[in-house]
Amino acid sequence: MKILSIQSAVAFGHVGNSAAVFPLQRIGVEVVPVYTVNFSNHTGYGAWRGPMIDPSDVSEVIAGVEDRGVFPQIDVILSGYQGGEGIGDVIIDAVARVKAANPNAIYACDPVMGNAKSGCFVAPAIPILLRERVVPVADIITPNQFELGFLTETEPDTIESTLASADLARAMGPSTVLVTSVERPDREPDTIEMMVVTDAGAWIVQTPQLPMKANGSGDVTAALFTAHFVRTGDAADALARTASSVFDLLTKTLESGERELQLVESQEFYANPQMQFTSRQVR
C-alpha cells in the first residue's frame, strides 16, 4: 500500500505527518509525506517557530511527485488539519489528479475543527470549506463526535443519535465515517468509545478513558484505521486494531510522564496489536 499524506510537520514532537508516518511505516505502508507547515513544535505550547508553507509550494511538491509517475501507485490520499482555505483547494485538486491516475484510490479526510472541551479552534472559514467542498469528495472521514456534530449541524450524544449524524455525513459523500471520542451518558464510567459506520453496518469499541490529553493521537488513529480498513475491507477489525494500538500508545505516554506521544517506544503496538478490545455491532 502507498499513501500520499498531506499534513503538517513538526521538528519536535508528534502531530500531523510527524505522528502518522512512522506508525504507517511500521505496519508496512509506504508513505509519501507532503508538508503543509514546518513548525518547531505543535501549537498547543502557545509558541512555535517555522513557516506555514504557501499552498502554491505545497502544490509544487505534489506536482513533482506526479512528475515521477507515482500517482498510479497511490492507494490512499490522507489529509488532516488544514490551516487555510488554500490548502483545501490543493488537497481537492490532488485527490482529483490521483483518482484520474488510479480510479481505485480513496481519499481519507480527518476534518480537524476542534473538540468538545476546547470548541472550534480553526479559522471560521475552515468548517464551511470542509462541509461544503472537502468532505463531499472524501471516501472516509474520521471526525470526533464534536466535529461530526459541527459538520452535520446536529448534537450526537447517544448511539442512536451518533448513528443518525454519521448517516447525514455519509449522505454528503463519504461512504465510511469513523467517529472518535464518542461520549454518551449511558456508557460505563471512565470509558470512551469509537464508532465506525459503513454501507455494511456499524460497530463500536469501548476502552478505558485515560486522564490525559495527547496532541497527535487523532492523527495516529486516522492513519492506522485508514490503512487497516483499506487493506482488509473489514471495518470491525480495523476499528479493534486501531483502538488496541492507540490505547497502548496512550498508556505508554501517560506512564512516561512526557507531554509528547511516545511514538517510537510504542512501535510494537502498531506492528502487533494486542487486540485487547473487540468491536460490537450496533447496526
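Predicted model: local features only at pLDDT ≥ 70, side-chain atom pairs only at ≥ 80, totals over all residues.

Colleague: Which residue stands opposite Glu193?

Modeller: Strand β9 comprises residues 191-198, and β9 pairs with β10 in the antiparallel sense over eight bridges. The two strands form a hairpin with two residues between them. Within this pairing, the residue in β10 opposite Glu193 is Gln206.

Colleague: Is strand β10 largely enclosed or open?

Modeller: Strand β10 covers residues 201-208. A residue counts as buried when its relative accessible area is under 20%.

Colleague: Which residue of β11 stands opposite Trp203?

Modeller: Besides its pairing with β9, strand β10 pairs with β11 in the antiparallel sense, over two bridges. In β11, the residue opposite Trp203 is Gln281.

Colleague: Which strands are the edge strands of the open sheet?

Modeller: Nine strands form this sheet, with mixed pairing, in the order β2-β1-β3-β4-β7-β8-β9-β10-β11. An edge strand here pairs on one side only. The edge strands are therefore β2 (30-39) and β11 (280-281).

Colleague: In which sense do β3 and β4 pair, parallel or antiparallel?

Modeller: In general, the strands of a sheet pair through backbone hydrogen bonds, in either of these two senses. Strand β3 spans residues 76-79 and strand β4 residues 106-109, with four bridges between them. Leu78 stands opposite Ala108 in β4. The sense of this pairing is parallel.

Colleague: Turning to the helices, is Ala96 buried, partly exposed or exposed?

Modeller: Ala96 is found in helix α3, which runs over residues 85-101. Buried requires a relative accessible area under 20% and exposed one over 50%. With a value of 48%, Ala96 is partly exposed.

Colleague: How far apart in space are Ala96 and Tyr107?

Modeller: In sequence, Ala96 and Tyr107 are eleven residues apart. From C-alpha to C-alpha, their separation in space is 9.6 Å.

Colleague: With which residues is Thr221 in contact, leaving aside its neighbours within four places in sequence?

Modeller: Thr221 lies in helix α7, residues 217-232. At 6% relative accessibility, Thr221 counts as buried. Its contacts beyond those neighbours are Leu178, Thr180, Met194, Thr242 and Val246.

Colleague: Against which elements do the buried residues of α5 pack?

Modeller: Helix α5 (residues 145-152) is mostly covered, with six of its eight residues buried. These are Gln145, Glu147, Leu148, Gly149, Leu151 and Thr152. The elements they pack against are β5 (114-115), α4 (125-134), β7 (140-141), α6 (159-171) and β8 (176-182).

Colleague: Finally, why is the protein chain described as being as compact as a globular protein of that length?

Modeller: The chain contains nine helices and eleven strands. For 283 residues, the globule rule gives a radius of gyration of 19 Å. The chain is as compact as a globular protein of that length because its own value is close to this, at 17 Å.

Colleague: What percentage of the residues of the protein chain count as buried?

Modeller: Residues 24 or more positions apart account for 67% of the contacts with a separation of 6 or more. Of the 283 residues, the share that count as buried is 53%.

Note on methods: Residues numbered from 1 in each chain as written. Heavy atoms only, no water. Rg over C-alpha atoms; globule rule 2.2 N^0.38 Å. Buried < 20%, exposed > 50% of the residue type's maximum accessible area, 1.4 Å probe, protein only. Contact = heavy atoms within 4.5 Å.
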